[in-house]
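Dear colleague,

Please find below the structure that I am handing over to you. My findings follow directly after it.

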Amino acid sequence: MDNRFSIGFFGDFTTGENYQLKSDSSERINVLRQYGYNWLFQEVEPLLSRFDLNIFNLETPLTSCVKSSLAHKKTVLHWADPEIVPELLKKYNVAAVSLGNNHALDYDRQGLLDTINALNKVGIFSFGAGLNLNTAQLPFIKHLTVGNSNVNIYVIGGFKYKKEYDVEFKFYADEKKEGVFMLNETSADDLIRSIKTSDANSIVVVFPHFGFDLMKTTQMQTDYAHSFIDSGADYVIGHGPHMMNSIEKYKGKTILYSIGNFIFPANFKGKVLPNNLVAELEIVNDASGISSNIWLYPTYMNNQSNKTRTRMIKENELTEVINLLIEGNEDLKSSLVIENTDGIFRIGV
């Protein structure tokens, strides 16, 4: 009987077809055409196979749509191949993806529907967006037997409130309209308290798309994350700024303000640091019963290259990651545990 179960949380992910199309038009290299899709994953396969299941923030519609009502409103529209990408995700042990982000409706209702259908076809659960509010707010639920005990994991996805996405882009779901789950203090409080009332011993992870592009942790993120914990969440694992942000222990619980990008083949032209994280939620059953903790696996992605690929971090790059994590909080630094197994570094928080 297995006394341990692990879930890998991966940040912003796209195979970047829309970016590679721009590379074609500017006579730069199209990595998907030259090297193939698997090339993007090769350097991080040890992480993808390390955990019992993986969860991604899928920051692109999986659709063949070529027309969008947002074409002249929104600066960047993402899209990815609806046949190739779901099969890749399945290959790399992805059980669920969050669609609760600022690209899920780039190709309108049809793009969202195509995405959900493409994922369903290969048995991948999507959450954080849906064809109405009831489906958009449904968490991913994993029922586990660890050792001789049962525990349920709930993962809540959604996108922070942003006025233009409400008023101009019409991104948020309501009772009769498709969209993403507007994840804020009020909506999260209702959902988390409902889960904890009906399933008191559950582990609730909030997986929000919040923060601001290419910025460090903001007060808005702090306010949101604290409210999630106050409502009963056990962990907050954030993404959205396209770079890693700091961590915090609040009321004894771990907040990761942004794990950054996972695979994101786009040239950010030097505006973002190359450091990112993969988070592992480890659930253990020992003599004292069920417990859980977080491990962080630093990764490196050179966003100044037209051949962007994610790799594992090297030992001489670890100090910079630690400094970014703690942002001067030496007390937090002293509590971190650093391990190296066959060249894979992980940080216990």
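The model is predicted. I begin with its open sheet, in which six strands follow the order β6-β7-β9-β10-β12-β11 with mixed pairing. The edges are taken by β6 (140–146) and β11 (247–250); each has a single partner strand, so one side of each is left without a neighbour in the sheet. On average, and with direction ignored, neighbouring strands of this sheet are turned by 20° against each other.

Strand β7 deserves a separate paragraph. Its pairing with β6 is antiparallel and comprises seven bridges, with Lys142 standing opposite Ile153 in β7. The hairpin of β6 and β7 has two residues between the strands, and Gly147 takes a positive phi near 65° there. Strand β7 (residues 149–159) is also joined by seven bridges to β9 (residues 203–209), and these two strands run parallel. In that pairing, Ile153 stands opposite Ile203 in β9, while Tyr154 stands opposite Val204 in β9. Nine of the 11 residues of β7 are buried, so that the strand is mostly covered.

Leaving aside residues up to four places away in sequence, Leu89 touches Phe13, Phe56, Val94, Val97, Leu119 and Ile124.

With kind regards

Notes:
Residues are numbered from 1 along each chain as its sequence is written. This is a predicted model: local features need pLDDT of at least 70, side-chain atom pairs count only at pLDDT 80 or more; totals for chains, interfaces and linings use all residues. Side-chain values use heavy atoms; hydrogens and water are left out. Contact means heavy atoms within 4.5 Å. Two strands pair if DSSP finds at least two bridges between them. Helices (H or I, at least four residues) and strands (E, at least two) are DSSP runs, numbered from the N terminus. Axes are lines fitted to C-alpha atoms, for helices over the stretch in contact, and angles run from 0 to 180 degrees between N-to-C directions. Buried means under 20% relative accessible area, exposed over 50%, partly exposed in between (1.4 Å probe, protein chains only).
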